[in-house]
Amino acid sequence: MSGVEIIESEDRLAAIVPQWRELWSRVSATTPFQSPDWLLPWWDIFEPGELRVIAIWDNDTLIGIAPLYIDTTREPRCLLPLGISLSDYLDVALDPADFDNAAEGLSHAVSAMGDVALWEMREIPENGAALQLRLSGEWQHEDSPGSVCPLLVLPNGIADLGEHISPSRMRHLRTARRRAARRGETSIIVGDVDNADSLLAELVRLELLRWKGGVFSDQRVADFHAAALPGLMEHGVARMYALEIGEKTVGVWYGFALRACSYAYLCAYDPDYRFESPGAILIGHAIEEAIREGTRVFDFLRGSETYKYEWGARDRVNIRRVFRRRC
């Protein structure tokens, strides 16, 4: 097929997953949050409106996709991206080899939705394709700052980590590891396709121990991650590390790795082991593993929590763009 397709059914969206994944893989600016392994489970679990995914084709090759839905609770009706709220980065995926045609097709498709007056894209990364879009003359757009996502630039080797992280944080990491070893035999369990579900269950348990009103207070969030994690693991995107002290799981780190970037999504630990700093041990381990994998950037994702800067991270700010149809 060629041209623009507006997908309104889950079955049709599921049918193009191979082409979608191939496009996502070849567009270097995409993040794990634009993967079909992330967005399809999000839609399955939450389904907050009417599906309106825009697919742009060149024969049988998918050259662009905008995973969107209509928020039917708002007036005027508004297009929003799939994955909103739980995704730290949101964007469209347009083939750089055919960017102009893909962007033009996307513009025409949005303009053809006569019942839509707004298109809101939150949390676009600074190199996001959505920032390069120019819709037809009946549309105008406004940009504003989104969330802060602190980034740590990584050295080539673990031995050079002290050049990027403060001496006090490195001392804290060494102290935490010694304290954990005194408490009991320690080990790091690496997540894989076989144990990912059990590590996720431990992550949920530990997070609820600390924050009864936290991210997993909505059961749908845990259900979403349980649905997304197998595909992310299968395609080599998800990373999970669990810290055991004396055969007890006291912390779990959950993140992603794609191309030259590692992403720190969530870390939870048992408050009874606060003295041993399981979070610091797991973050330190995740950073070291990222270096071993050849990663250049460790992305702490949304939020300006103090601990991120103690690890040497520096701010990068997302962009919120709102397209409005002129009256």
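1. Basis. In this predicted model, local features need pLDDT of at least 70 and side-chain atom pairs count only at pLDDT 80 or more, while totals for chains, interfaces and linings use all residues. Residues are numbered from 1 along each chain as its sequence is written, and side-chain values use heavy atoms, with hydrogens and water left out.

2. The whole structure holds 3 cavities of 30 Å³ or more. A cavity is a set of points, on a 1 Å grid over the protein atoms alone, where a 1.4 Å probe fits but cannot get out; lining residues have an atom within 4 Å of a point. Volume is the space filled by probe spheres set on the points, which are joined across faces, edges and corners. Elements giving two or more residues to its lining are β12 (238-245), β13 (248-258) and α8 (278-292); helices (H or I, at least four residues) and strands (E, at least two) are DSSP runs, numbered from the N terminus. Among the lining residues are Tyr241, Trp253, Phe256 and Glu289.

3. Largest pocket. A pocket is an open set of such grid points with protein on both sides within 12 Å along at least five of seven lines. The largest pocket has a volume of about 750 Å³. Its lining counts 29 residues, and Tyr265, Leu266, Cys267, Glu305 and Tyr307 are the closest to its centre. β14 gives the most to this lining, with 5 residues. By class the lining divides into 15 nonpolar, 5 polar and 9 charged residues (nonpolar: Ala, Val, Leu, Ile, Met, Phe, Trp, Tyr, Cys and Pro; charged: Asp, Glu, Lys and Arg; polar: the others, Gly among them).

4. Second largest pocket. This pocket holds about 260 Å³. It is lined by 16 residues, with Ser28, Asn127, Cys261, Tyr263 and Arg316 nearest its centre. β14 and β15 (297-299) each supply at least two residues of the lining.

5. Strand β14. Of the 9 residues in β14, 8 are buried, that is, under 20% relative accessible area with a 1.4 Å probe and protein chains only. β14 runs antiparallel to β13, joined by 8 bridges; strands pair if DSSP finds at least two bridges between them. The two strands form a hairpin with 2 residues between them, and Arg259 in the turn has a positive phi of about 55 degrees. β14 also pairs with β15 in the parallel sense over 3 bridges, where Tyr263 stands opposite Asp299.

6. Aromatic pairs. The count is 21 aromatic pairs, where rings of Phe, Tyr and Trp (its six-membered ring) pair if their centres lie within 6.5 Å, with planes under 30 degrees apart stacked, over 60 edge-to-face and the rest tilted. Trp38 and Phe256 are edge-to-face, at 5.5 Å centre to centre and 90 degrees between the planes. This pair links helix α3 (residues 36-46) with strand β13, 218 residues apart, and both Trp38 and Phe256 are buried. Trp43 and Tyr69 are tilted, at 5.8 Å and 50 degrees. Trp43 lies in α3 and Tyr69 in strand β5 (residues 68-71), so the pair ties together parts 26 residues apart in sequence.

7. Aromatic cluster. One aromatic cluster includes Trp38, Trp43, Tyr69, Phe256, Tyr263 and Tyr265. Of these, Phe256 also lines the largest cavity, Tyr265 is among the residues closest to the centre of the largest pocket, and Tyr263 is among those nearest the centre of the second largest pocket.

Key:
Buried means under 20% relative accessible area, exposed over 50%, partly exposed in between (1.4 Å probe, protein chains only).
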